[in-house]
Amino acid sequence: MLKIGPYQFANPLVLAPMAGVTDAVYRKLCREQGAAYTLAEMVASKKQLWESKKSSTRHVDPQDPEPRAVQLIGTSPDELAEAAVWQVSQGAQIIDLNMGCPAKKVCNVAAGSALMADPSRVAEIFQTVSKAVDVPVTVKTRTGTDAENKNALQIALLAQEHGLQAISIHGRTREDKFNGCAEYDTIRNVKRSVQIPVIANGDICSPEQAAFVLKYTACDAIMIGRASQGNPWIFREINHYLKHRTKLAGPSLQEKRRIILQHLRGLYELYGDSHGVRIARKHLGWYAQSIPDGTKLRKAFNQLTEHHRQLQLVEDYFNHNTTSN
């Protein structure tokens with residue numbers, strides 16, 4: 001079972017940190033659905049960005065259950081260490097370092113997964129950040145920069161050497177972005193070679209795949225990212241399958257109604273009316289993929305500019321569909 005520093009988790013399911021997705025509202029929802037450990041969206045290490053409007057919703061939420069984890073992205077060891085110290089002062093209990101993001105705008109400044117091409121800098125970051133704080137430091141990586149340069153094991157050994165408490169690995173290279181299929185051989189090799197916990201990530205979209213990846217890699221946990229979008233109940237479905245090896249029935253339309261409305265109301269409260277309305281469109285679009293006439297609902301929802309009208313539209317949709325079924 002997954003253990004990071006002093007923190008023991010109830011099950012091996014982790015919600016991946018996803019920019020623009022895993023805010024406090026989403027993390028709470030996924031924990032209620034069975035995720036044992038959730039990470040916040042990545043925050044830039046540059047001091048001048050700490051209090052920006054975007055970053056202000058990405059800091060530690062004191063309402064989050066322990067351990068509260070914050071992911072930092074940057075390239076300067078000293079900047080990352082300073083940011084880590086500040087985040088801990090605000091209540092962060094685990095600091096995760098982003099060395100896995102393949103986004104062009106991130107890699108163009110040699111951050112995210114681009115750092116894997118510079119192991120000496122990676123080592124300096126690990127050493128500097130882990131010495132700066134007295135909470136567990138972890139890292140999220142890819143398998144390497146490209147197919148010819150898969151150095152996840154080298155990075156994992158550096159993490160272990162410099163006192164990091166866990167490593168999460170997405171089974172694609174930086175060059176792959178999200179194309180093709182994730183591979184788990186590299187992750188399995190890392191797990192066999194280090195003593196720190198290893199978390200497997202990539203293409204885990206069903207209970208059966210979750211069970212396969214856990215067994216194949218022998219990892220301490222699995223990390224679910226895109227498969228949870230519009231589908232937060234995937235965590236309880238995986239938990240049930242791991243315990244009983246039987247499929248759990250999916251949520252009813254009434255339960256989807258409750259979860260979607262809870263999610264939307266949380267977004268409006270966190271971001272305010274104007275910004276919350278825009279962010280809600282993205283999440284409703286994901287939910288709409290698994291409900292009757294979802295495309296029609298999504299198109300109508302995206303035309304609305306006031307949160308109370310979005311809520312009313314969703315209420316009306318479910319009132320119509322639950323009474324007619």
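Q: Is strand β6 enclosed or open to the outside, and why?
A: The general idea rests on relative accessible area: buried means under 20%, exposed means over 50%, and partly exposed lies in between, with a 1.4 Å probe and protein chains only. Strands and helices are DSSP runs numbered from the N terminus, with at least two residues (E) for a strand and at least four (H or I) for a helix. Here 6 of the 6 residues of β6 (residues 94-99) are buried, so the strand is largely enclosed by the rest of the structure. This is a predicted model, in which local features need pLDDT of at least 70 and side-chain atom pairs count only at pLDDT 80 or more, while totals for chains, interfaces and linings use all residues. Residues are numbered from 1 along each chain as its sequence is written, and side-chain values use heavy atoms, with hydrogens and water left out.

Q: Which residues of β6 lie on one side, and which on the other?
A: Ile94, Asp96 and Asn98 are on one side, and Ile95, Leu97 and Met99 are on the other. Both faces are covered, as all of these residues are buried.

Q: Which strand pairs with β6 over 4 bridges, and in what sense?
A: Two strands pair if DSSP finds at least two bridges between them. Strand β5 (residues 69-73) pairs with β6 in the parallel sense over 4 bridges. Opposite Asp96 of β6 stands Gln71. On β7 (residues 137-142), β6 has a parallel partner joined to it by 5 bridges. There the bridge partner of Asp96 is Thr138.

Q: What unit do β5, helix α3 and β6 make?
A: A crossover is right-handed if, with the strands pointing away from the viewer, the path from the first strand over the helix to the second runs clockwise. With helix α3 (residues 77-89) between them, β5 and β6 form a β-α-β unit of the right-handed kind.

Q: How many disulfides does the structure hold?
A: A disulfide is a pair of cysteine sulfur atoms within 2.5 Å. The structure holds 0 of them. For Cys181, the closest cysteine sulfur is in Cys205, 10.0 Å away, which is too far for a bond. For Cys219, the closest is also in Cys205, at 17 Å, again too far. Cys181 is exposed, at 66% relative accessible area, whereas Cys219 is buried, at 9%.

Q: Where is the cis peptide bond at Pro67?
A: The cis bond joins Glu66 and Pro67, with omega about -5°. Pro67 sits in the loop between α2 (53-56) and β5.

Q: What is the phi of Lys177, and what is that of Ala218?
A: Lys177 is not a glycine, yet its phi is positive, about 50°. This residue is in the loop between β8 (166-170) and α7 (185-193), and is partly exposed at 41%. Ala218, which is not a glycine either, has a positive phi of about 60°. The loop that holds Ala218 runs between α8 (207-217) and β10 (221-224), and Ala218 is partly exposed at 47%.

Q: How many aromatic pairs does the structure hold?
A: Rings of Phe, Tyr and Trp (its six-membered ring) pair if their centres lie within 6.5 Å; planes under 30 degrees apart count as stacked, over 60 as edge-to-face and the rest as tilted. There are 5 aromatic pairs in the structure. In one of them, Phe9 and Tyr37 have ring centres 4.6 Å apart and planes at 35°, so the pair is tilted. Phe9 is in the loop between β2 (7-8) and β3 (13-15), and Tyr37 is in strand β4 (residues 37-44), so the pair links distant parts of the chain, 28 residues apart. Phe9 and Tyr37 are both buried. Trp233 and Tyr287 make a tilted pair too, 6.2 Å centre to centre with 35° between the planes. Trp233 and Tyr287 are also buried.

Q: Which arginine lies over the face of Tyr216?
A: A charge sits over a ring if NZ of Lys or CZ of Arg is within 6 Å of the ring centre and within 35 degrees of the ring normal. Arg188 lies over Tyr216, 4.0 Å from the ring centre. Tyr216 also belongs to an aromatic cluster with Tyr184 and Phe212.
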